[in-house]
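Thanks for coming. I will take you through one model this morning, and I will give the cut-off for each term as it comes up.

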Amino acid sequence: MVKYFFSQTDIKSSWEHVFTAFWQRYPNPFSKHVLTEDVVFREVTPDNTLISRRLLTKTNHLPRWAEKIFPSNLARSVFVIEDSIVDPKNKTLTTFSWNINHTRLLVVEERCVYSMSQEKQAWSLAKREAWISSGVFGFSRAIQEFGLARFKSNQIKATRGLEYALSTLHGDGPSRPLKDSAKEAIEKTKETALATSEKAKNLATVASPHKSNQFV
Amino acid sequence: MNSVGEGCTELKREYDQCFNRWFAEKFLKGDRSGDPCIEMFKSYQQCVQKAIKDKDIPIEGVEFMGPNKEKPGS
């Protein structure tokens, strides 16, 4: 079973600014969970697109109920590969990222396409899709709900982080002062996380009333 | 931002600076005059690829955008 997520947002910056900021969005106030960032492959293709691979390490925050059941997963952070193609002719940036460890617990794959907005050429469009799945027998629904909650919260942070980078680099960005929108975004992510983590906790309790290490 | 290789962060920063300038001023504008960051990239990669091996990070042989192939709309 896979949870699917889709969102589409307008970014009030030109596609050139967005593509440039994409490489410079870490660190930002919303990316405390991102520990390291490295380009591990990069090439300009014969048709003049830029393909890159970035390796990111992120903290593996699990809710309390999951920490008790999967203690060994706390040990290592999550490794995420982010592959991307910049096509300056078509004015698109396509990214695909996924985690390459902790995969038995949870797999989160995300595809983003950034492009010039069709309605307003000075703006850009960000289309984001994610597929969230867990293979753990008996707990997969709860873990997927948690995965989706964390993804939604991280997605808000990612959008805010890119806006922050755009504002820092180019003076573009939201018309509200960043401090307020940052506070609001953090409150919103806490609410989202709380609501969906309650749901996940209930699902976990229903799945198994006893503690068990056999799925680790 | 830090590199996964603790000793590679300086090399990473130098390369990133070069890349960001080339990306905005040349690449996006369709200028194909060549990559001024090649040497910096080589030094940075030597460092970070070693760190990746030392830490057993399993990126070897992973196909570019591999999982995207089975996704709808890819």
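Let me start at one residue, Arg128(A): at 9% relative accessibility, Arg128(A) counts as buried, where buried means under 20% relative accessible area, exposed over 50%, and partly exposed in between, with a 1.4 Å probe and protein chains only. Before going on, the conventions: this is a predicted model, local features need pLDDT of at least 70, side-chain atom pairs count only at pLDDT 80 or more, and totals for chains, interfaces and linings use all residues. Residues are numbered from 1 along each chain as its sequence is written, chains are lettered from A and ligands numbered from 1 in the order in which they are written, and side-chain values use heavy atoms, with hydrogens and water left out.

Back to Arg128(A). Which residue does Arg128(A) form a salt bridge with? The partner is Glu110(A), and the closest N and O atoms are 2.8 Å apart. A salt bridge here is a side-chain nitrogen of Lys or Arg within 4 Å of a carboxyl oxygen of Asp or Glu. This pair links distant parts of the chain, with Arg128(A) in strand 7 (residues 124–133) of chain A and Glu110(A) in strand 6 (residues 107–116) of chain A, 18 residues apart. Helices (H or I, at least four residues) and strands (E, at least two) are DSSP runs, numbered from the N terminus. Glu110(A) is buried too, with a relative accessible area of 13%.

Now chain A as a whole. Chain A has 4 helices and 7 strands, and from the N terminus on they run β-α-β-β-α-β-β-β-β-α-α. Of its 216 residues, 53% count as buried. For contacts, meaning heavy atoms within 4.5 Å, residues 24 or more positions apart account for 61% of those in chain A with a separation of 6 or more. Helix 1 of chain A, residues 15–22, has 6 of its 8 residues buried, so it is largely enclosed by the rest of the structure. The buried ones are Trp15(A), Val18(A), Phe19(A), Thr20(A), Ala21(A) and Phe22(A).

Next, the two chains together. How many residues does each chain give to the contact? Chain B gives 35 and chain A gives 43. Between them they bury about 3200 Å², 67% of it on carbon and sulfur atoms; buried area is the accessible area (1.4 Å probe) that two parts lose on being put together, summed over both. On the chain B side, Met1(B), Phe27(B) and Phe64(B) lose the most area to chain A, together 21% of what that side buries.

There are 15 residue pairs in polar contact between chain B and chain A, both residues at pLDDT 80 or more. A polar contact is a pair of N or O atoms within 3.5 Å; within protein, one must be able to donate a hydrogen and the other to accept it, and residues adjacent in sequence count only if both atoms are side-chain atoms. The elements of chain B that give two or more residues to this side are helix 1 (9–25) and helix 2 (38–54). Helix 1 of chain B gives the most, with 7 residues.

One residue to look at is Gln45(B), which lies in helix 2 of chain B. Gln45(B) counts as buried, at 10% relative accessibility. Leaving out residues up to four places away in sequence, Gln45(B) touches Val39(A), Val40(A) and Phe41(A). Gln46(B) is also found in helix 2 of chain B, but at 65% relative accessibility Gln46(B) counts as exposed.

On to charges. The structure holds 17 salt bridges over all chains, and 2 are between chain B and chain A. In one between the chains, Lys71(B) pairs with Glu109(A), with the closest N and O atoms 2.9 Å apart. Lys71(B) also meets Glu70(B) in a salt bridge, at 3.8 Å, N to O. Are these two buried or exposed? Glu70(B) is exposed, with a relative accessible area of 62%, while Lys71(B) counts as buried at 8%.

Last, confidence. The model scores ipTM 0.96 and pTM 0.78. Chain B averages a pLDDT of 94, and 100% of its residues score at least 70; pLDDT is the predictor's confidence in each residue, from 0 to 100.
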